[in-house]
Protein chains: 2
Amino acid sequence: MYSWIDGQPAQAINLQSRALAYGDGLFETIAVRAGRPSLLEYHLERLALGCQRLAISADHGLIRDELCRYASLLGDGVLKLILVRGDSQRGYAPAAGAAPRRILQGSPLPVYPAQHAEHGVRLFPCSTRLAEQPLLAGLKHLNRLEQVLARAEWQDAEHAEGLMRDVSGRIIEGVYSNLFLVRGAELLTADLSRCGVAGVMRAALIEHAAKVGIALHITDLSLQDLEQADEVFVCNSVYGVWPVRAFASLNWSPGPLTRKLQAIARTLLDT
Amino acid sequence: MYSWIDGQPAQAINLQSRALAYGDGLFETIAVRAGRPSLLEYHLERLALGCQRLAISADHGLIRDELCRYASLLGDGVLKLILVRGDSQRGYAPAAGAAPRRILQGSPLPVYPAQHAEHGVRLFPCSTRLAEQPLLAGLKHLNRLEQVLARAEWQDAEHAEGLMRDVSGRIIEGVYSNLFLVRGAELLTADLSRCGVAGVMRAALIEHAAKVGIALHITDLSLQDLEQADEVFVCNSVYGVWPVRAFASLNWSPGPLTRKLQAIARTLLDT
């Protein structure tokens, strides 16, 4: 399907775009089923927070309308929204009155091996560490060289995801996903106030865990926490939840809490 | 003047570009005088180092030729080269065989107030801190949100540049420039192994300071080092050297070592 820029079909973006020059913008990757964007309110909320923190003044009503219109044409697939601060000549200061631009791109739903969701995935131990930058932490912004470097560390199909730590050694997230640990009857997930992307599925699972009475802690996670975890899983807004079955010499089996959250994720993506 | 993509006139880049999606590339901003790119060898060297560290395999002979051809058409101005890893569909892993793309853009030489070079500039105290990421430190890559945030901190014309510190409080650089301190007969400039952009004019001044027998230390710099400095200046590859006359409550006058380096920079840009 054609991409849109500011609501119009387009295949290219002008060379003055601040996305090209500085990665000056945000994005959302949204699963679309039967013409409806999944987890739309969570995506819009994260986008609005990102705009607030980067001081990008966008028309969020217009963005919502456009996402829905594009999704209805896409049917089933993945909708990527890139919101750019605008255009610029040279220099980090935006041109006066530069208007944000909305880029929408559609692609087919990725087909993952069924065993990822059933038996779990192996995580690659990435040596690329995440820098600590509280001003950008949590946002899905366009400065993604750390993820590019991390993803380039493995080529084999044996690893479906990589585990990223921060420069201080804390366990943070997957390259494409957020990570949850199960300890006893409790869920743990990393505090993302220094680095990491606060995923939309993570936000939804945090909210729904509370609704069904599962205790959850957002906290700093060490390698020892991972070693002592009873269950481990990763999540994102396209595939939902995958159990983690292995990381380095550690092994887990998909456990009851993982299955519970996986079912919640499936419901969230299907409705 | 028209921009070029891969040697051909172009005004737009396709939406699959990894520069747009992830800031996955490098850039160089090159002063051009009378059709010749200034400090070309330094620019090419930094670009090659960046390609090596990001594992972008580019044809550096072709890049050199193209820069020279474009510069000769530009005459006087600023030439910006963006080197993108290539195109991609969704996902941080590049498409197999994705070829790097070269974008060249020309703009007029900026006109700065003459007093910047004569009497010096005032530095704005940016509260945006630089994150420590050794894997990207020194490179002029396309992930520049920290500079965008820092530059947005001031709007007045009183400040020609902003001073950036890292998250640990070390003095690192300007938003658009590198910083040097003079202490006695010695030059000091920040170690850029954790963060910062290793500017081309900085590299040239370090080399030429050694040639004319000026002692220079590349080291960690504290706020105290700045307070105790006899002279301070900033440099970049477009304007050369500007003395710093003020930062917060601190004041300096352009001193003899600053003038000496300024003359060296002028020679480097003119030849």
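A salt bridge here is a side-chain nitrogen of Lys or Arg within 4 Å of a carboxyl oxygen of Asp or Glu. The views below come from a predicted model, where local features need pLDDT of at least 70, side-chain atom pairs count only at pLDDT 80 or more, and totals for chains, interfaces and linings use all residues. Residues are numbered from 1 along each chain as its sequence is written, chains are lettered from A and ligands numbered from 1 in the order in which they are written, and side-chain values use heavy atoms, with hydrogens and water left out.

**View 1. A salt bridge links the two domains of chain A.** The side chains of A:Arg33 and A:Asp270 meet here, at 3.6 Å from N to O. Domain 1 covers 3-107 and domain 2 covers 114-270 of chain A (bounds from an automatic or database domain assignment). Their centres, taken over C-alpha atoms, lie 25 Å apart.

**View 2. Chain B meets chain A.** In this view, 55 residues of chain B touch 55 residues of chain A (contact means heavy atoms within 4.5 Å). The pair buries about 4,300 Å², with carbon and sulfur atoms giving 66%. B:Leu15, B:Tyr92 and B:Leu145 supply 20% of what chain B buries against chain A, more than any other three residues. Zero salt bridges turn up between these chains, but 15 residue pairs are in polar contact, both at pLDDT 80 or more.

**View 3. Strand S3 of chain A runs antiparallel to S3(B).** Three bridges join the two strands, and A:Ala12 stands opposite B:Asn14. Strands are DSSP runs (E, at least two residues), numbered from the N terminus, and two of them pair if DSSP finds at least two bridges between them.

**View 4. Chain B has an open sheet of six strands.** The order is S2-S1-S7-S6-S4-S5, with antiparallel pairing. At the edges sit S2 (8-10) and S5 (36-37) of chain B, each pairing on one side only. B:Trp4 has B:Pro9 in S2(B) as its bridge partner.

How values were computed. Helices (H or I, at least four residues) and strands (E, at least two) are DSSP runs, numbered from the N terminus. Buried area is the accessible area (1.4 Å probe) that two parts lose on being put together, summed over both. A polar contact is a pair of N or O atoms within 3.5 Å; within protein, one must be able to donate a hydrogen and the other to accept it, and residues adjacent in sequence count only if both atoms are side-chain atoms.
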